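Try each task before reading its solution.

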Amino acid sequence: MIYTCTLNPSIDYFIEMDDFKIGELNRIKDDSKRPGGKGINVSRVLKNVGIDSVATGFLGGFTGQFITDSLEQQNIPTNFVQIEGETRINVKLRAQSETEINGQGPFISEGELQLLLNQFNQLKSGDILVLAGSIPSSLSPNLYEEIANRLLEKNIKVIVDATKEMLKGVLPYKPFLIKPNHHELGEIFGVSIHSVSDAIPYGKRLVEMGAEHVIVSMAEKGSLLFVQDRVYYANIPNGKLLNSVGAGDSVVAGFIASYSKNSDVVEAFRFGAAAGSATAYSEGLCAGTKINELLAQVKVEAI
Ligand SMILES: Nc1ncnc2c1ncn2[C@@H]1O[C@H](COP(=O)(O)OP(=O)(O)O)[C@@H](O)[C@H]1O
Ligand SMILES: O=P(O)(O)OC[C@H]1O[C@](O)(COP(=O)(O)O)[C@@H](O)[C@@H]1O
C-alpha cells in the first residue's frame with residue numbers, strides 16, 4: 001500500500017488579482033479554497049490516475065474538517081490523527097507574479113505525535129511511505145529522519161519531499177526517492193543553482209550521501225534524475241503556465257504511480273515530469289488525461 005504523511009496540511013486559499021499593491025487596499029478578482037499540503041496533493045494526484053493511497057498526518061479544527069470532507073468526496077482513504085489545534089491556511093496569490101504565504105502550522109502534543117508514530121508500526125514490507133512538506137514548529141525538526149530510521153529494517157520505500165536539514169537528515173537512512181527543487185538543492189549546499197549543469201554535481205552528492213533516487217526539479221527548465229552514477233534529463237512539454245502550486249507534488253505522485261505499475265525508474269521519472277507540467281498547465285492539480293496528453297512530448301535523455 002502507498003501511504004502519504006502530511007504533518008502540516010493546509011487549506012490553500014488561491015486569490016487572483018490583476019495588480020497587487022503592497023500597503024494599499026487590494027480587491028480580489030477571483031478566489032478558491034482547495035485542500036493542500038504536499039502528501040495530500042500526492043494522494044490526490046495518485047487518485048486522479050486511478051491509484052489508491054492512504055493519506056495520514058494531523059488535521060484539526062474547521063480547516064481540518066474542510067480537508068477531511070474534500071478527501072472523502074474524492075474517495076481517498078484517510079487515517080489522520082485529529083488534533084486540538086487548527087490546520088493552517090496558506091495563501092497563494094496570483095497577480096503580476098505568483099506569491100505564496102505558508103503558515104507555521106498548529107501545536108502538536110506529544111500524545112498526538114505518538115498516535116501518528118504508532119500507525120507506522122503497522123507498515124509492511126513493500127509499502128511506500130511519502131513524508132512530505134514542512135514539520136510544524138512544535139515537533140522535532142529531526143522527525144523525518146527518526147521515522148526513516150525506525151523503518152530502515154522493514155523494507156519500506158521511504159520518499160521524502162522536504163527542505164534543508166529535514167531532507168539532509170534522512171540521507172543516511174537510504175530514502176528511496178527525494179525531490180528537492182533547484183532552489184532547495186542549492187540551500188542544502190549553500191550555493192545558488194541556476195542551470196542543469198550547476199545542479200549535476202550536487203544531485204550526485206545526494207546519491208553519494210545515501211539517496212537511492214534523486215529528482216531535482218527545475219520548474220520551466222525541466223528536471224534531472226540521479227540513480228547510482230547515472231544522470232537523466234527530462235524536458236518540458238509545450239503549454240501555458242496556469243498554476244505552479246502542486247507541480248512538485250505531482251512529480252512525486254507521477255513517479256510513484258508509474259513505478260508501482262512497471263518498476264521502471266526512468267519511465268517513472270518521465271511520467272513524473274509529465275505530471276509536473278500537467279499541473280503547471282492546469283487550474284489545480286492535474287487530471288490523468290492531461291498527463292497522458294503531455295507524455296508523448298516528454299523525452300528522457302541520459303547525460
Ligand atoms: N512553468 C512551468 N512550465 C512547465 N512545467 C513546469 C513549470 N513549472 C513547473 N513545471 C513542472 O513541474 C515540475 C516541478 O516544478 P518545480 O517548480 O520545480 O517544483 P516545486 O513545485 O517542488 O517547487 C518541474 O520539474 C516541471 O516538470
Ligand atoms: O509544508 P510546506 O513546505 O509549507 O508546503 C505546503 C504547500 O506546498 C504545497 O503542497 C504545494 O507544493 P509544491 O508546489 O511544491 O508541489 C501546497 O499545497 C501547500 O500550501
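Two exercises follow, each with a worked solution. The model is predicted: local features need pLDDT of at least 70, side-chain atom pairs count only at pLDDT 80 or more, and totals for chains, interfaces and linings use all residues. Residues are numbered from 1 along each chain as its sequence is written, while chains are lettered from A and ligands numbered from 1 in the order in which they are written.

**Exercise 1.** Work out how helix H6 and helix H7 cross.

Solution. Start with the extents: H6 covers residues 182-189 and H7 covers residues 196-208 (helices are DSSP runs of H or I with at least four residues, strands runs of E with at least two, numbered from the N terminus). Next, take the axes, which come within 10 Å and cross at roughly 60° (lines fitted to C-alpha atoms over the stretch in contact, with angles from 0 to 180 degrees between N-to-C directions). Finally, find the contact: His182, Leu185 and Phe189 of H6 meet Ala199, Tyr202 and Gly203 of H7 (C-beta atoms, placed from the backbone, within 7 Å).

**Exercise 2.** Trace the strand order of the open four-stranded sheet.

Solution. Reading across, the order is S3-S2-S6-S7, with mixed pairing (strands pair if DSSP finds at least two bridges between them). At the edges, S3 (30-36) and S7 (98-101) each pair on one side only. Now look at S2 (residues 10-16), which seven bridges join to S3 in an antiparallel run. One bridge to check is that of Ile11, whose partner in S3 is Pro35.

Methods: Contact = placed C-beta atoms within 7 Å.
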